[in-house]
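Trainee: I have this one open for the first time. Can we walk through it?
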Amino acid sequence: MNLLEMKNVTKHFGGLTAVSNVNFEIEKESITGLIGPNGAGKTTIFNLITGVYKVTEGKITFDGKDITNKEPYIIAEMGITRTFQNIRLFKKLSVYENVLTACQYNANYNLLEAMLYLPRCKNQEKQLKEQAEHLLEIIGLIDRKDFIANNLPYGLQRRLEIARALSLNPKLLLLDEPAAGMNPDETAQLMNLIYDIRKKFNLSILIIDHHMDLVMGICEKIMVLNFGCKLAEGTPIEIQSNPKVIEAYLGVEG
Amino acid sequence: MTQFLQQLINGLSIGSVYALMAVGYSLVYSIMNFSNFAHGGVIMFGAYFGFFYLTLFRLPFTVALLGAAISTSILAIIIERTAYKPLRNRKAPFLYFIICAMGMSIFLENIIIALPFIGPTFRTYPEIFSKTPIKIGSLAIGRLDLLMFIISSICLGLLVYFIDFTKIGKAIQATSYNIKASALMGINTDFIIITVFALGGFFAGIAGVLFGMKYTVYPQIGVITNKSFIAAVFGGLGSLPGAVIGSILLGIIETFTSGYVSSQYRDLIAFVLLIAILVIRPRGLMGKLNEDKA
Amino acid sequence: MDYYIQGILILSGINLMAVLGLSLLTGFTGLFSFGHAGFMAIGGYTAAAMTVKYHIPFIPALLIGAIVASLVSALIGVLTLKLKGDYFCIATLGFGEATRLILDNMQYFGGARGWPGIPAYTNFTNVIIINIIGLILLANLIRSKHGRNMIAVREEELASQISGINVFKYKLISLMISAAYAGIAGGLMAHYMTFLQPKMFALTKSTELTIIVIFGGLGSISGSVLGALVLTSLPEILRAFSNWRLVIYGLAVIIIMITRPEGLMGGYEFTPKSMKKLFFNLKEKRLKKSAGR
């Protein structure tokens, strides 16, 4: 069964059509790539899936449930989390606090229990703290847990954003240009990390990136967008030899 | 019918003065995207400047009026330079601007109370224009009301001319669309901001004098000017035509409330209107819609 | 204790209660309100009505005042918290002034002339106890997941959303709790002054509360406590200069915003742990210094 299905999804901004009639599926526990030239509507698709933008037409289902136009926090609770192209961390909080905050989903004590610091709150808080430290260990940030997020080097900020997304035990993780601004060495590390978290968390991953070696290297399936429409879909090898894709990226010859 | 027309005229007159004040809020908002609460303080200073120019220096009315306008214009520029420029340089979040503006308005209001030679006393402008109204049939139009309407209309007309037909005015428009892009296109945005404050301050001075003549001068007069802020929100913050239309409407609504319901509800209706407009149509009658981008 | 000092401390305590609530809203959730005097007024008038007209004991009356203030804030919040930018701020300003003007016209509560003869139930002991309870509840809240969620909302709304945080809900909760605190403060004030007048809850009062929070430092409870103590008692002690008090307030706000927007405490707290750390750091510095010599 497919984890995520987009059926005839369209998004207009005023007179502009950013995404037009896109059909797309993501299989369970797969790594899928989303590529296309700048302005093709890739990030808009992320925003539609996570509920940041409202869909104009069409339907998105996740795990068999309709999530079209649901509030972002509900979609997050259902198991879709993401990172942002222009990193959005809780900048003034520490690395540890960033992850601990996102772990909130795993505790269910109420406001009154919190204000009175009742046993349930106490116990769950202890669990949250362990969970946050565990996550930081996996992602390799435990030795910098008291750093202020904004002061981390760029590559580590991206890592932290992934760690924060993982705090919610997602079934689907959307990575928006995770390798942007990274050198080949860092990109290779990132690839390992992505493999790693898929294995450890049993989740599906959808990646937008312009680093073709990364996308071609780790994705099992790739969708190509151009001017808001789906141009092609297939395995990395199929995509690399698809004339339409080559045309969109390199322009028509002659 | 007569009463209806009478109220309408009064409403237009007071509304036109609100408009003079409201354009100051809107001009600043259109460029800098924050509500400049210090504007009320500037208007109050205008009323005092006019009062002292008339009584202490015994200047003729037109000279006092212009003098007050120029003085508040300078005051507004000083406020911008001392309070907002440092924040702009630091690219501080807009809430800091609002708080700073609040601080400035508290400062302006209370410095007047604290200064020993001014103090909290109410002061009445000397009677410059005769109190006998002009009679047209059964309608009685106060000379002062007429004057307020005429002066305000002239000022607003000049403002429209300035914004639409001069080079600086066009630069102001461009800056209000996109301040960063305008700076890249070679517009000196710092100068534009000064101009906007100077313009707002100038009209604030005139409005302050007119208001002072109509009522009295006292330090809390800025509270009344809050209503012109409401008018600006009502019309749509950042929109000049919106500010004018919102002000005229508010003026009319107010006079009708005090005429037909009770004068005690006159102030209340303004604030209720403010909340209502925020709930029903937060961008106001003519405000622009900002869409957030992720 | 000296009667005079006690009076100042009671006033500080009353202010502190309102400031604590506002600190949650402004310092920890990032929402500015220029209408908290309105919530104080609602709490004060309700509590006074309970004790004077219905002869309900003091503490339950205070709580009823807090609940009513909180419910009204919920109404305002549901209507305006979805607005972007400074519109919420403007809405609270409108609410505060509207509340005052409505009370001006309510003859049942004495209208603009005021309402004398409220029993003097507020005393030094109950103000201190109520403040300590308020402080503990607030500190617990802020250290819990709910408090962290509010801080997340302050830091970055979109990131909060995709971390599964219902931004609107947490803004609303924060507003309701802060209004309840303001309501209690209003009730305490009513039964200390034994007199209520709408004028006491003008815009100046709201801005004064915001100033105290900013002065103490956004996102610091200890800062708010310090701010309330200093900024309430100083002008009382310097009565002779009372005219200059608000002038200095205004100037202080501008200077703080320009030079040190994080306020006195800059987000730090006085806790045994942080004190130890500070002490340790100082010692280390001294050791380094002596080693350098």
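Predicted model: local features only at pLDDT ≥ 70, side-chain atom pairs only at ≥ 80, totals over all residues.

Trainee: How many helices and strands does chain C have?

Mentor: Chain C has twelve helices and two strands. Helices (H or I, at least four residues) and strands (E, at least two) are DSSP runs, numbered from the N terminus. The order in chain C, from the N terminus on, is α-α-α-α-β-α-α-α-α-β-α-α-α-α.

Trainee: What share of chain C counts as buried?

Mentor: Of its 293 residues, 56%. Buried means that 20 or more other C-beta atoms, placed from the backbone, lie within 10 Å of the residue's own.

Trainee: Which residues of helix 10 of chain C are buried?

Mentor: Among them are C:Ile221, C:Gly223, C:Leu226 and C:Leu231. Their cover includes helix 1 (3–28), helix 5 (124–143) and helix 9 (203–216) of chain C.

Trainee: Why does the end-to-end distance of helix 10 of chain C agree with its residue count?

Mentor: At 1.5 Å a residue, its 17 residues (221–237) should span 24 Å, and the end C-alpha atoms are 24 Å apart, so the two agree. The expected span is 1.5 Å times one less than the number of residues.

Trainee: New topic. How many residues of chain B are in contact with chain C?

Mentor: 35 residues of chain B are in contact with 33 residues of chain C. Contact means C-beta atoms, placed from the backbone, within 7 Å.

Trainee: Which helix of chain B gives the most to that side?

Mentor: Helix 4 of chain B, with 15 residues. The side of chain B that touches chain C divides into 28 nonpolar, five polar and two charged residues. Ala, Val, Leu, Ile, Met, Phe, Trp, Tyr, Cys and Pro count as nonpolar, Asp, Glu, Lys and Arg as charged, and the others, Gly among them, as polar.

Trainee: And in chain A, in what order do the strands of the sheet come?

Mentor: Four strands form an open sheet in the order 2-1-4-5, with antiparallel pairing. Strands pair if DSSP finds at least two bridges between them.

Trainee: Which strands stand at the edges?

Mentor: Strand 2 (16–27) and strand 5 (65–66) of chain A each have a single partner strand, so one side of each is left without a neighbour in the sheet. Two bridges join strand 4 (residues 57–62) of chain A to strand 5, and A:Thr61 stands opposite A:Asp66.

Terms used: Residues numbered from 1 in each chain as written. Chains lettered and ligands numbered in written order. Buried ≥ 20, exposed ≤ 12 C-beta atoms within 10 Å, placed from the backbone. Contact = placed C-beta atoms within 7 Å.
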